[in-house]
Amino acid sequence: RRSRSASFASSTERMAAFVATRFAEPLTVADVAAVAALHPATAMRRFREATGETIGSYLAGHRIAHACRLLASTELNVARVAGESGFGSESAFYEA
């Protein structure tokens, strides 16, 4: 039987890996929580306790990093970069 702390770490790792691989898709906290079989409120609390940031800020960080890579290495326009990075709109990209 795994300890509570091992289970806690494992669920956080699963959520982080899910975000890292699916950041370009529309994601909700409920989607991320489901990967760890947790209620969204529990997932948010555990993720923040383990990482020091919210699921939303972790997701935004991945999207911003990807957008920076695309802007630096391609000729794509900002609207296309925003879309390919998972932002729902160009304005959402600018807000991030």
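**Exercise 1.** Determine which residue forms a salt bridge with Glu-84, and how far apart the closest N and O atoms are.

*Solution.* The partner of Glu-84 is Arg-80, and their closest N and O atoms are 2.8 Å apart. A salt bridge here is a side-chain nitrogen of Lys or Arg within 4 Å of a carboxyl oxygen of Asp or Glu. The model is predicted: local features need pLDDT of at least 70, side-chain atom pairs count only at pLDDT 80 or more, and totals for chains, interfaces and linings use all residues. Residues are numbered from 1 along each chain as its sequence is written, and side-chain values use heavy atoms, with hydrogens and water left out.

Next, consider the helix. Because Glu-84 and Arg-80 are four residues apart in helix α5, about one helical turn separates them. Helices (H or I, at least four residues) are DSSP runs, numbered from the N terminus.

Finally, consider accessibility. Glu-84 is partly exposed at 31% relative accessibility, and Arg-80 is partly exposed at 47%. Buried means under 20% relative accessible area, exposed over 50%, and partly exposed in between (1.4 Å probe, protein chains only).

**Exercise 2.** State how many salt bridges a search of the whole structure finds, and describe the one formed by Arg-22.

*Solution.* The search of the whole structure finds two salt bridges. Arg-22 pairs with Glu-25, with the closest N and O atoms 2.9 Å apart. Arg-22 is partly exposed at 33%, and Glu-25 is partly exposed at 32%.

**Exercise 3.** Locate Glu-75 and decide whether this residue is buried or exposed.

*Solution.* Glu-75 lies in the loop between α4 (55-73) and α5 (78-84). With a relative accessible area of 80%, Glu-75 is exposed.

Definitions and conventions:
Helix = DSSP H or I, 4+ residues; strand = E, 2+ residues; numbered from the N terminus.
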